[in-house]
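Good morning, and thank you for making time for this item. Please look at the sequence and the structure together as I go through them.

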Amino acid sequence: MPDWKKIQITDEAIEKAHRMNSISKDDAFDLLLDLIENGESAKFKGTDQDGIELYRLENEYMYINDNLLVNYSRRNRYSLKIATEIHAAEDGRCENCRRAMDKRVVQIRKIDPFIFNELSNYVLLCPDCMMNQPDVLENAKFTELAIERYQEIRGISLEQSISELDLIKKNLVLLVVDGGRRKYWFPSLGVFTFHQGQLSIEHFYKDVNPSFEKKPQQRSRKWSG
Ligand SMILES: [Zn+2]
């Protein structure tokens, strides 16, 4: 374990933090200082062949060698532990568009880059809001086959099927994101695949019984705080 109080910051690390975060070099230095101050809670990730130790704090990485911070990096992805905590705190809803999603697909945006170990410093977003783009489902269409199969399994008219599928589309839960392909789930109905603007059926449950009443969000840090 390094003696965090003795760590010196190298120019290379400042340069990297400056470029990666698009902040001034002074701010980059402050950021690294804050990181080091929180070093005690960083997680040790391993040592490379040159003896450089890697530590992770949230999504930030510190490369330490002989009480020197020799390099820095940051990843967009946060640990599943942080994602799980924020996902639970927001009842799994995007804080911008309210789309429900699985904890494995959540995106996290930090509000103040200089604050660490503070859950309230994060916003939980769906992948679309993270990219500042409209929800891909907004213009998505169910395939003809999907509409047909839905009508069949529900035993209702085509018009009613289309109107129910419209409600379903608004409340699909995002399960998996894999490049341009996604999977969405609807409770008591099944799983849909999204690809190139189209929604098709991956599978329906044996007994389908979809409810069109939207399950209200149970909790949010905004309400409890
Ligand atoms: Zn969203």
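Predicted model: local features only at pLDDT ≥ 70, side-chain atom pairs only at ≥ 80, totals over all residues.

Strand S11 (residues 190-195) and S12 are joined by six bridges and run antiparallel. Strands and helices here are DSSP runs, numbered from the N terminus, with at least two residues (E) for a strand and at least four (H or I) for a helix. Two strands count as paired if DSSP finds at least two bridges between them. Within this pair, Thr193 has Ser200 of S12 as its bridge partner. The hairpin of S11 and S12 has two residues between the strands, and Gln196 takes a positive phi near 50° there.

Residues are numbered from 1 along each chain as its sequence is written.

S12 (residues 198-204) has another partner, strand S8 (residues 141-142), and two bridges join this pair, which runs parallel. Lys141 stands opposite Gln198 of S12.

Next, the helices H5 and H6. How do they pack, and at what angle? Helix H5 (residues 144-154) and helix H6 (residues 158-170) meet at about 110°, with axes 9 Å apart. The axes are lines fitted to C-alpha atoms, for helices over the stretch in contact, and angles run from 0 to 180 degrees between N-to-C directions. H5 and H6 are therefore roughly perpendicular to each other, the term covering 65 to 115 degrees, while angles under 35 count as roughly parallel, over 145 as roughly antiparallel, and the rest as oblique. H5 contributes Ile147, Tyr150, Gln151 and Arg154 to the contact, and H6 contributes Leu158, Ser161, Ile162 and Leu165. Contact means that the C-beta atoms of two residues, placed from the backbone, lie within 7 Å. The residues of this contact of H5 with H6 comprise five nonpolar, two polar and one charged. In that scheme Ala, Val, Leu, Ile, Met, Phe, Trp, Tyr, Cys and Pro are nonpolar, Asp, Glu, Lys and Arg are charged, and the others, Gly among them, are polar.

Helix H1 (residues 11-21) and H2 pack at about 110°, and their axes are 8 Å apart. H1 and H2 are therefore roughly perpendicular to each other. On the H1 side the contact involves Ala13, Ile14, Ala17, His18 and Asn21, which meet Lys25, Ala28, Phe29, Leu31 and Leu32 in H2. Seven nonpolar, two polar and one charged residue make up the contact of H1 with H2.

Phe29 lies in helix H2 (residues 25-37).

S1 and strand S5 (residues 68-74) run parallel and are joined by two bridges. In this pair, Gln8 stands opposite Leu68 of S5.

Asn117 sits in the loop between strand S6 (107-110) and strand S7 (122-125). Asn117 counts as exposed because it has 10 C-beta neighbours inside 10 Å. Beyond its neighbours within four places in sequence, Asn117 is in contact with Asn38 and Ser41. Asn117 and Ala42 are 75 residues apart along the chain, and their C-alpha atoms are separated by 9.9 Å.

Finally, the whole chain. The protein has seven helices and twelve strands. Of its 225 residues, 21% count as buried. The C-alpha atoms fill a box of roughly 70 × 40 × 30 Å, taken along the principal axes.

Key
Buried ≥ 20, exposed ≤ 12 C-beta atoms within 10 Å, placed from the backbone.
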